[in-house]
Structures are given as structure tokens and as C-alpha cells.
Amino acid sequence: MAEPEKTHLFDKPRNVRRVLHILYALCGLTLALDFVIHRHIDHPWEALWGFYCVYGFVACVLLVLVAKEMRKVLMRREDYYDE
Amino acid sequence: MTSSIAPFLIFYLGAVLLAVTPTGLRRVIALLVPVLGALNLYALPEGVGWTLPLFDYSLVLVQLDRLSLLFGYLFHLAAFLGFIYAFDVRDRLQQVSAMLYAGSALGAVFAGDLITLFLFWEMLALTSVFLILARRTARSFSAAVRYLLIQVGSGVLLLAGALAVIADTGDIAITRLTLEGLGPWLIFIAIGIKCCFPGLHNWLTDAYPEATPAGTVFLSAFTTKVAVYALARMFPGTELLVYIGATMAMFPIFFAVIENDLRRVLAYSLINQVGFMVCGIGIGTALAINGAVAHAFNDVVFKGLLFMTMGAVLTRTGKINGSELGGLYKSMPWTTGFCIVGAASISAFPLFSGFVSKSMVMVAALEGHYEIVWLALLFASAGVFHHAGIKIPYFAFYAHDSGIRCQEAPRSMLVAMALGAGICIFNGAYPWLLYDMLPFPVEYEPYTAAHILTQCQLLFFSALAFAWLNLRGLYPPELPSTNLDVDWSYRRLLPAAATAVASLAGRGWQYLDGGGQALASRAVSRTEGLLVEWGMLGRTWAIKTTALWILILLSSYVFVEYL
């Protein structure tokens, strides 16, 4: 008989939560640094506080929501071309 | 010491050796050839090397400058990594065609004239198709036929354009062109096909995911990068390219999000990365061209690495669909790690290779006052992290546990992936070696506090968006599916239209009785006679025009016939 498999890193929900908490902390930290670090600006939009944070978040949410809508038009069965 | 051996020749000779030697020897030869080739390249003098007379012209088989030299080294590196990855492959067909394919890419970047470029352009198509055929499935066979038709079509357009340019200028040398007149446009479109301009891109996402695990690694390195090189050589500073490139960077990421085949996801993100290069070439400043070329270099390594990890997954599990995978970090921890390095590189995390090259194009876009394009590229940067940076590792190695337990990737594959990952980190952490090889002197400094911070903000908040969408259940699940793209027009629409026309015409013909049919035939031949005597067809045409029409007619016939 095979031995019972050992538990892996992300089998414990606690570890998944930890990763998420680290991510939240990093987001908070980089956003806070926007106050401290005087960024070199190539363009006025960049000067807005938290510009890159908001843009990155909104871009990804938009991307996924639009792509989901695209599925309604573009998605076919897996063997669509195989007939 | 200087050498005078053409770089492609070493690979072609290597391919001949591979064709006749037994398995054990073949794998050694395959590794030796890129090393010997790189040494030879090091010893080659700059300028015109090898010429061959052809009628009134002299073909320049080898011409070396900083731009071609960089691509030359890049292709040797890609071939070397590829052959390590394919060390356990015993399939002679794949080895020989990969060797010829790499040689053809070298031939194309060192070509000094349009005819030589055309020859290697077609060789790229002819040799690479076997890497797709070598999968030996019905799907890969039909994908390979479509791939070959489109690639050869690109070559035919290149030849037609080259002949038109030569007829106009009397010179066969590869020079900077402006988009005026037929010749330059034909060349532009020919390159555009290989470069995956929007609408002309579908051959890549159709064929690359159908190749063998090692085959896709080779394919991802050469064809599109030769096209990028040709654009940088012939059309730098062409403003149209800025917008084409921005579109290429944008639209594939939407397809990548809903695609289930993870190698096809990577194929879409390949187009997205080439978009950054095309955009840089279009901007045309020293910084932008440097950025485009540096990004081509980094992309070959990190995209090759990502294809390697997915090829390893395919090799071990026999599956590549996101819907069937998950939890593989338990079985393939090393592959997982290398995949994450590749993902961090393509996403341009600080200390990884994408960080030092992609930003050059973006800064150049701002400096050239292309604000909207800059926003588009920023969107694409966030998007590429989303689908290639997170989606690929997440759905293959984490997500829900698929229950698949397999072996870690074979050692040869691990070595290749480790080397690729090492180069990604080296180029990211110490970019100056790469910068020194670029066509123009580099004044750009990637590691400023502002750049590091803004890039981290962009990426962390993109990751936050992924986590949020996932936790809220808004993220589209991986579904077994086919997504329609431009290929639908020639795989479904065109055949359906042809069948409809044929059946309509057939029914119409039957509807006429014997007398009607005779009448119709007579009318047709009468009209024909009139046209030939007085009309369009009776005129004398320039041979150039006639040749062009014959070319168009024949290639569209071939295209429709074999689709």
C-alpha cells in the first residue's frame, strides 16, 4: 500500500492566508512609500498619488471582466474544429 | 584570429551530421554546434564577409554589424539552451529540423541583401514546420499545414516586394525603407505576418501550442525575432509601427485570460511581448531601438524558459490544459521554481530581466509624447503579469489539486531551465553586459528609486486584483473550450462560403435545360472573345504586373486548396 501522502505547503489554509497577508502588506507598504519617495516624473499623470496602484488594479479587473464577456461570443466546444 | 565561415553553414553542416549519426553521438553534436558557432561568430570580422555572384548582382551572405551580431549571439544561446532541453529527445526529425531552423535564423540576420534574406526567410518556414509535424497527431498535422501556407505566403510577399524594390532602386542591399509604393508595403506586410501584426497573428497561436515540447521552445525563439530584426533593420522610426505595436501588446492579453491550453496562453503573451518591441522600433529613437532589441534578447530567454516549464509539465503529465492541471508544485517543485523565475522576468519584477528592457521602450514612448500609447503599454504590463505572471504558475502548479502525482522533470530539462532562469536573473540584476552589446550607447539607468517603486506598485496591485477576483469568485474558471480568433475566418467561414457558392452555382446550372446551358456557354465564350480583342485582357501588360497577378492568383489558389 502507498504511504499516506505528506502534507504540502498550501494544504494548510493558514499558509494560503499568510501569503495573502504578505501581499496586502506589500501593497500597503508600496502605497505608503508614495508619500515618502520623491518620484522622478516623466509625465503629469504619474505625479498623481497612487497612480500606478490604482491603474494596475483597475486595469486587471477590467481585463478580466472584459475577457469574461468575450467568452460569450468566442467560446466554443473543445472539439469545435475537429469534426 | 579571424574566421570567414558563415554562421549558418556550421548549423547546416551540423544538421547533415545529425542526419547520419547514431543517437548517442547526435546529442553531443547538437550541443557542440552552437558552441562552435559562437566561437566562430566571435572570430568573424565586422562588415561584409561572404559574397556570391548572381547574374548582375552579388549576394552578401554574411554582413556583420552591432545589430546583427547581437541577434547572432542570441540565436546561438537559444539553440544551445534548446538542445540541452531536448537532450533526451531521440527523434532525429526534430533534431535535424531544429538545427536547420536555427541555422536559417542565423542566415536571415546576417543576410546583407534582399534575395539572401528571402532564401533564409523561406528556409525558416520549411525547416520549422517539422517541429510541429513531429508531434505526430492529426491536430498537429493540420495546424502544420496551415502554418506552412501562411509562412510560405509571407516569403512570397517578401520576394514580390524585394523584386519591386530592386526594380525601382537597382540595388539589392537591405536598406532603410519608407512606406511608399508597392515594394516597401509588400515587404512590410511580409514581415508583419512573421511578426504577428494584429489580424496576421493567428498562425502563431494556432501552430506553436501543437508542436512537441522541445519544438515549441525552438519555435518561440527564432521566427518572430528574425521578423523583429528585419523591422529594426528596414523600418525603424516608422510611426505606424508605434500603433501596431501598442495594439499587439494589448489585444492578446484578453485572449490569454480565457484560454485553457497553457502553451497557447504563452503564445498569446509572446505576441504581447513582441508588441513592445514593434512599438520601440516604431518610436525609433536610440533609447527605443535599444529597448526593443534588449527586450528581444530577454524575451527569447524568459519566454523560452516558460515554454520549457510547460513542456516539462506536458511531458510528465500528458496534459497542458489549465482545467486539468493544478497542485503540481507537490510533484515538480524545481519546475515550479523555474516557472516562477520566468514569470517574474516576463512581468518585469525588479532584479529580473524584463525590468531592465521593457521600461526602456516605455520611457521612450513618454519622451516621444505618445501618451495614449504609454497608457496602453502600461495596461499591457499589468495584463502580462496577470496572465503570464500569475495565471501560468497558478493554474499549472497551484490552484485546486488535480490529484496528478508525477515525477519531477527529466534532468536535462531541469538543467536547461536552470540555465535559462540564471540568465534571466543575471540580466535583471546586472544588465550592463547586455547594455554594452546594444546597437546604440546606453545612457538609461533602470534602477532608480522611482522606477523600482512604481513597478512594484503596478505589479503588487495587479496581484491584489487577481486575489480579489479569485476570492470573490469573479475570476473566469479554466474551461475546456476553443476560443474563436481570426483563424475562424479561414477554417470555417471561407470553406462554408465556398461550399455555398459551389452548390448555388451547381443548382443554377441544373436549373437550365440543355438549350439554356448551351446558350450560357456561348455567351461566356463570346464575352471572352470581346475581352481578349478589345478589352482589358487584350492590352499589353508590363511583365512586372503580369508576374504579380500570377503570383497573387497562384498563392491564393494554393491557400484555398490546402486549407
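## Surroundings of Cys279(B)

Beyond its neighbours within four places in sequence, Cys279(B) is in contact with Leu241(B), Val242(B), Gly245(B), Ala246(B), Ala249(B), Val361(B), Ala365(B), Val373(B) and Leu377(B), contact being taken as C-beta atoms, placed from the backbone, within 7 Å. The model is predicted, so that local features need pLDDT of at least 70 and side-chain atom pairs count only at pLDDT 80 or more, while totals for chains, interfaces and linings use all residues. Residues are numbered from 1 along each chain as its sequence is written, with chains lettered from A and ligands numbered from 1 in the order in which they are written.

## The nonpolar core

Cys279(B), Leu231(B) and Leu377(B) have the most contacts inside the largest nonpolar core, which has 209 residues. Helix H12 of chain B (residues 286–317) gives the most to this core, with 18 residues. Such a core is a set of buried Ala, Val, Leu, Ile, Met, Phe, Trp, Tyr and Cys residues joined through C-beta atoms within 7 Å, where buried denotes 20 or more other C-beta atoms within 10 Å of a residue's own.

## Helix H4 of chain B

Of the 19 residues in H4(B), 17 are buried, and the helix is thus mostly covered; helices are DSSP runs (H or I) of at least four residues, and strands (E) of at least two, numbered from the N terminus.

## Contact between the chains

Chain B places 40 residues in contact with 36 residues of chain A, and H18(B) gives the most to the side of chain B that touches chain A, with 17 residues. Strand E1 of chain A (residues 75–76) and E3(B) pair in the antiparallel sense over two bridges, pairing requiring at least two bridges found by DSSP. Within this pair, Arg76(A) stands opposite Thr482(B).

Terms used:
A residue is buried if 20 or more other C-beta atoms lie within 10 Å of its own, exposed if 12 or fewer, and partly exposed in between; C-beta atoms are placed from the backbone. Two residues are in contact if their C-beta atoms, placed from the backbone, lie within 7 Å.
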